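Please walk through this structure with me, from the sheet to the side chains packed around it.

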Amino acid sequence: MMFRGVFTNKPHHVSTMSPLHVQGFDLLEGDIGTVGSKICWTYTLDGEKKISKQMLEAVDHENKVLILKEFEGDITDKYDSFKATLHIETKDKIDLVSWTLEYERPNENVPELISLLDLVVGMTKGIDDHHAN
């Protein structure tokens with residue numbers, strides 16, 4: 001519950017929990033954690049400051065799933081589409097976190113999003129370490 005709660009109720013805390021990866025959060029429209037709300041992340045990728053404006057596309061509390069779709073930002077400047085799905089399974093009071101990154105490259109010359117995957121893993125570990133301490 002802890003991990004999903006961060007993204008549905010307290011996304012503005014992510015930059016405190018994982019400052020190397022995420023530096024800022026702004027609510028652009030709607031209410032935090034509600035479908036259709038629009039948010040903006042400021043993050044660092046490959047040493048460069050980036051932004052990602054996303055819409056909360058779906059929240060399924062029962063199955064512990066949250067889907068964010070970028071509608072403007074550094075990823076959709078280069079890629080045709082980008083969507084991140086957070087899924088949490090709880091076993092023996094431990095949150096098992098999985099992220100699915102879906103994106104469409106306009107052509108083969110546009111690289112896979114390996115460094116973004118590394119950022120998401122690092123951010124996830126940062127949040128986990130923050131709660132462990």
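How many residues lie between β5 and β6 in their hairpin, and which residue in the turn has a positive phi? This is a predicted model, and in it two residues separate the strands of that hairpin. Asp 92 sits in the turn, with a positive phi of about 50°. The two strands pair in the antiparallel sense, over 11 bridges.

Six strands form an open sheet in the order β1-β2-β3-β4-β5-β6, and their pairing is antiparallel. Strands of a sheet pair through backbone hydrogen bonds, either parallel or antiparallel. The edges are β1, residues 22–29, and β6, residues 94–104. Each has a single partner strand, so one side of each is left without a neighbour in the sheet. On average, neighbouring strands are turned by 25° against each other, direction ignored.

Move along to another pair. Strand β2 covers residues 38–45 and strand β3 covers residues 48–60. Eight bridges join them, again in the antiparallel sense. Here Thr 44 stands opposite Lys 49 in β3.

Helix α4, residues 114–132, lies across β1, β2, β5 and β6. Its direction is at about 160° to β6.

Gln 54 lies in strand β3. Is Gln 54 buried or exposed? Its relative accessible area is 7%, and the cut-off for buried is under 20%, so Gln 54 counts as buried. Its side chain has polar partners. One is the side chain of Trp 41, joined to Gln 54 by a polar contact of 2.9 Å. Another is the side chain of Ser 52, at 3.0 Å. Leaving aside residues up to four places away in sequence, Gln 54 touches residues including Ser 37, Lys 38, Ile 39, Leu 68, Phe 71 and Phe 82. Trp 41 is also among them. Two residues from that list meet in another way: Lys 38 lies over the face of Phe 71, at 5.0 Å from the ring centre.

Trp 41 leads on to the aromatic rings. The structure holds four aromatic pairs. In one of them, the ring centres of Phe 7 and Trp 41 are 6.2 Å apart. Their planes meet at 55°, so the pair is tilted. Phe 7 is in helix α1, residues 2–9, while Trp 41 is in strand β2. The pair thus links distant parts of the chain, 34 residues apart. Both residues are buried.

Phe 7 has a further ring partner, Trp 99. This pair is edge-to-face, with 5.4 Å from centre to centre and 80° between the planes. Phe 7 lies in helix α1 and Trp 99 in strand β6, so the pair ties together parts that are 92 residues apart in sequence. Relative accessibility is 8% for Phe 7, which counts as buried. Trp 99 has a relative accessible area of 19% and is buried too.

Which residues do the ring pairs link into a cluster? They are Phe 7, Phe 25, Trp 41 and Trp 99. Return to Trp 41 to connect the two sites: its side chain joins this cluster and makes the polar contact with Gln 54.

Key: Residues are numbered from 1 along each chain as its sequence is written. This is a predicted model: local features need pLDDT of at least 70, side-chain atom pairs count only at pLDDT 80 or more; totals for chains, interfaces and linings use all residues. Side-chain values use heavy atoms; hydrogens and water are left out. Two strands pair if DSSP finds at least two bridges between them. Helices (H or I, at least four residues) and strands (E, at least two) are DSSP runs, numbered from the N terminus. Axes are lines fitted to C-alpha atoms, for helices over the stretch in contact, and angles run from 0 to 180 degrees between N-to-C directions. Contact means heavy atoms within 4.5 Å. Buried means under 20% relative accessible area, exposed over 50%, partly exposed in between (1.4 Å probe, protein chains only). A polar contact is a pair of N or O atoms within 3.5 Å; within protein, one must be able to donate a hydrogen and the other to accept it, and residues adjacent in sequence count only if both atoms are side-chain atoms. Rings of Phe, Tyr and Trp (its six-membered ring) pair if their centres lie within 6.5 Å; planes under 30 degrees apart count as stacked, over 60 as edge-to-face and the rest as tilted. A charge sits over a ring if NZ of Lys or CZ of Arg is within 6 Å of the ring centre and within 35 degrees of the ring normal.
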